[in-house]
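Trainee: I've got a new model open and I'd like to learn how to read it. Can you walk me through it?

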Amino acid sequence: MQGSSIAKGANAAPFPAGRKGCGALETRHYELLLAAVIMARSSSYLFSKICLQSMGAFTLLAIRFLLALFGRKLKGITPHTAVRGVILGTIFFAVMAAELGGLRTTDSAAASFLENTAIVFVPFIEAVLHKKAPGSRVLLCGALTLAGVGLLTIRDGGFALRTGELLCLLAAGLYAVAIIATDRFSHSDDPLALGVIQVGVIGLLGLAAAMLLERPQLPAARTEWGCILYLSIVCTGFGFTLQPLAQSRTSAEKAGMFCAFNPLTASVLGVVFLHEGFAWTHVLGAALILCSIVVYGRYKARGVPARGRAG
């Protein structure tokens, strides 16, 4: 579940209103922070896959997201913000449930590439909502993504979408909905409050689903606890908290292209630590999806005012 803030950032000014910009060195620091945040969050595929070997998906969600709430205090939350936070949390819970379901039978690298097609799905959903035909650049991104997904799903000489891959594509579609909802809600509500509420909702819904559908048990091995703590502190706490800050002082164009770090990092970690292999067709498919992400990021950045950029 990475990239919602990036997609939002592609529609916003590169720097906060009223800011005159920052020096080139400071901008570079924030860009490095953004790259670190995205790569940290992309590692969630690896650690989730390890945990899923001995834990239920809903149990993992419950422990991961409820642990991430420790130490967080919010005051003065309005009912309006609370309702919207619950809506976002429910959507993201569906995203995470589909993602973890897909990870059970799909390589972490392929899952990451498939789910990150969400950033290309967004303009098509927006076109439907606004009853407008998508532009030629958007259609190009869609064609590249479709071709990439097709190549990623080649098995034994033919195209075969398995259950895991279908769940990853479902996660991508739901993630695109979450991106749009986040963009709408964060303009009129406190983004930090929305983020904390949605994390809590994901954890509570995960706990309820685990009680109904699984036999929840706390992890017994240190390795599992280490993975869960990493997911809670680094992927959820560090990633969700610092990504908006990192994006506040870099251009929308670069923010969009940084999204490509997510599947790239996930694929490298999968190959190194899980010994996942990629056929040449899968490599080509991944490259096409990366191209669509970068092209879409550059396309969105064209409509962003250049105010506040360092010279």
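This is a predicted model: local features need pLDDT of at least 70, side-chain atom pairs count only at pLDDT 80 or more; totals for chains, interfaces and linings use all residues.

Trainee: Where does Glu126 sit, and what does it touch beyond its sequence neighbours?

Mentor: Glu126 belongs to helix 7, which runs over residues 118-130. Once you set aside residues within four places in sequence, its contacts are Ile180 and Arg184.

Trainee: How do I read the buried side of a helix?

Mentor: The general idea is that an α-helix has 3.6 residues a turn, so residues three or four places apart point the same way. Now look at which residues are buried in helix 7: Ala118, Ile119, Val120, Val122, Pro123, Glu126 and Ala127.

Trainee: And how far does helix 7 reach?

Mentor: Its 13 residues span 18 Å from the first C-alpha to the last, close to the 18 Å expected at 1.5 Å a residue. Just after helix 7, have a look at Lys131, which takes a positive phi of about 55°.

Trainee: Let's zoom out. How many helices and strands does the protein chain have?

Mentor: There are 14 helices and 2 strands. Of the 311 residues in the chain, 52% are buried.

Trainee: What about the nonpolar core? Which residues touch the most other members?

Mentor: The largest nonpolar core has 56 residues, and the ones touching the most other members are Cys51, Leu60, Leu61, Leu100 and Tyr175. Helix 9 (residues 163-186) gives this core its largest share, 9 residues.

Trainee: Can you take one of those apart for me?

Mentor: Leu100 counts as buried because its relative accessibility is 1%. Beyond four places in sequence, Leu100 contacts Ser48, Leu52, Ala57, Leu60 and Leu61. Leu61 in turn touches residues including Phe93, Met96, Ala97 and Ile202.

Trainee: How do I spot parts of the chain that are separated in sequence but meet in space?

Mentor: Compare the two separations for a pair. Leu100 and Lys49 are 51 residues apart in sequence, while their C-alpha atoms are 7.8 Å apart. Across the chain, 91% of the contacts with a separation of 6 or more join residues 24 or more positions apart.

Technical notes
Residues are numbered from 1 along each chain as its sequence is written. Side-chain values use heavy atoms; hydrogens and water are left out. Helices (H or I, at least four residues) and strands (E, at least two) are DSSP runs, numbered from the N terminus. Contact means heavy atoms within 4.5 Å. Buried means under 20% relative accessible area, exposed over 50%, partly exposed in between (1.4 Å probe, protein chains only). A nonpolar core is a set of buried Ala, Val, Leu, Ile, Met, Phe, Trp, Tyr and Cys residues joined through side-chain atoms within 4.5 Å. The expected span of a helix is 1.5 Å times one less than its number of residues.
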